[in-house]
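Please open the model in your viewer and keep the sequence panel beside it. The tour below goes from selection to selection and says what is found at each stop.

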Amino acid sequence: MDDKQKFRILSKLTTFERDGEINLESCIYLTSTPKGKVPILKVMQTTMCDRNCTYCVFRRDRDSTPRLYIPSEKLAKSFMDMYRSGMVRGLFLSSGIFGHPEFIMEKMIDTVKILRGKYAFNGYVHLKLMPGVSIQTVEEALKVANRVSINMETCKEERLKKIAKGKSILRDTLPKIETVDKLLPKYKGKSQITQMMVGVDGETDEEIISAIHFLNRRYKISRVYFSAFFPVKDTPLENRPPENPLREYRLYQLDFLIRDYGFDLEDIKSILVKGNLPLNKDPKEAWAQAHPDLFPVELNTADYNLLIRVPGIGIETAKEIIKRRRGKRLSSPQDLKGIRNIKKILNYTTLNGRYYGSKLSIYL
Ligand code: SF4
């Protein structure tokens, strides 16, 4: 892009800045971290967008969306004011695509450079990577941010084409995830995530799970975030029904089973009904109930990999059970005192050959 083009875009953006009201306090949200909930400023560099994704509040043709642009200096300063007053602890910076994606990405990176340089801010910054930016720009973003994200939006190329013309999983999202994946060893402590909408185009859980299984096996992706579709007024999908948020929750549970508990695609497929997860059951319980030949599990002898497949037993609980049984044979629920989810665990286990649960009918 030459300087003339940049100037044209910038002068348009500056007009939007003058016209718009900015209320950043409404952009604070709580994000979950291992240390608890943390307030983050989640903000767009600009709400202008040339694209017309059918689900999006910022789509070009949605006249009711307020259009704003926050110049990098101003955004960095506003963030620091909020940070210093204790209102926020980190920044998640995204943007609409206005002009060339490289241009707006450059502005986003500038914002973070100002934070890191002028304000010596060394806290958490998450940058969303714009579709279509170059490998060099991806690396620039990775240099300044703690985390980058490249949104899948949905699980399949043909579905994405229907809802977001101009975006491509195969030509853009996956190559970019791969680029970040290759760069990550150079940037210790940094990470990438992706995001997928659920229920935007009638996709089944099986399609979503196949996609996340592929991503988790092939790339270092810290998290796949799911968001249940909710229709936005004045968009082409405004009459589409909202997705049940419980479906989003079940998919998170499944993602954990694949990433941390060694479940593979076949395990997951064994619990699907017509390609979807039963919403009324925790997926780990559904899997256990679909495999009565493996349960109840004897807590004194089961290895770690089997223990973590027992409903109610997480990674820490499995370690605790192994530690306790080294000292003495576990023979009654009293021996599990202090362990979380005992009632649930007892439904799927035996202690010294004896069953203390209340779901014997599963095994009969
Ligand atoms: S490119 Fe992003 S901001 Fe623009 S319409 Fe699509 S989803 Fe919305």
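A residue is called buried here if 20 or more other C-beta atoms lie within 10 Å of its own, exposed if 12 or fewer do, and partly exposed in between, with the C-beta atoms placed from the backbone. Helices (H or I, at least four residues) and strands (E, at least two) are DSSP runs, numbered from the N terminus. The model is a predicted one, in which local features need pLDDT of at least 70 and side-chain atom pairs count only at pLDDT 80 or more, while totals for chains, interfaces and linings use all residues. Residues are numbered from 1 along each chain as its sequence is written.

**The whole chain**

Of its 364 residues, 34% count as buried. Next, colour residues 3-269 as domain 1 and residues 292-363 as domain 2, bounds that come from an automatic or database domain assignment. The centres of domain 1 and domain 2, taken over C-alpha atoms, are separated by 41 Å.

Which residues of helix 6 are buried? They are Ile169, Thr173, Lys176, Ile177 and Val180, and these pack against helix 4 (135-144), strand 5 (147-149), helix 5 (157-163) and strand 6 (191-198). Contact between two residues means that their C-beta atoms, placed from the backbone, lie within 7 Å.

Moving to helix 4, highlight Val138, Ala141, Leu142 and Val144, which are buried; what covers the buried residues of helix 4 includes helix 3 (101-116), strand 4 (124-128), strand 5 and helix 6.

**The nonpolar cores**

A nonpolar core is a set of buried Ala, Val, Leu, Ile, Met, Phe, Trp, Tyr and Cys residues joined through C-beta atoms within 7 Å. The largest one has 43 residues, and those with the most contacts inside it are Met196, Val198, Ile208, Leu254 and Leu307. Domain 1 and domain 2 both give residues to this core, so it lies between them. Apart from it lies another core, of 40 residues, among them Phe98, Val125, Leu129 and Val180.

Centre the view on Met196, which touches Met152, Glu153, Thr154, Cys155, Ile208, Val224 and Phe226, when residues up to four places away in sequence are not counted.

**Two single residues**

Phe256 is placed in helix 8, and it counts as partly exposed because it has 16 C-beta neighbours inside 10 Å. Pro296, in the loop between helix 10 (283-290) and strand 8 (297-298), counts as buried because it has 25 C-beta neighbours inside 10 Å.

**The ligand**

Finally, show the ligand and select the residues around it, which are Cys49, Arg51, Cys53, Cys56, Phe58, Arg59, Gly96, Ile97 and Ala164; a residue is taken as near a molecule if its C-beta atom, placed from the backbone, lies within 6 Å of it. By class, this shell has six nonpolar, one polar and two charged residues, where Ala, Val, Leu, Ile, Met, Phe, Trp, Tyr, Cys and Pro count as nonpolar, Asp, Glu, Lys and Arg as charged, and the others, Gly among them, as polar.
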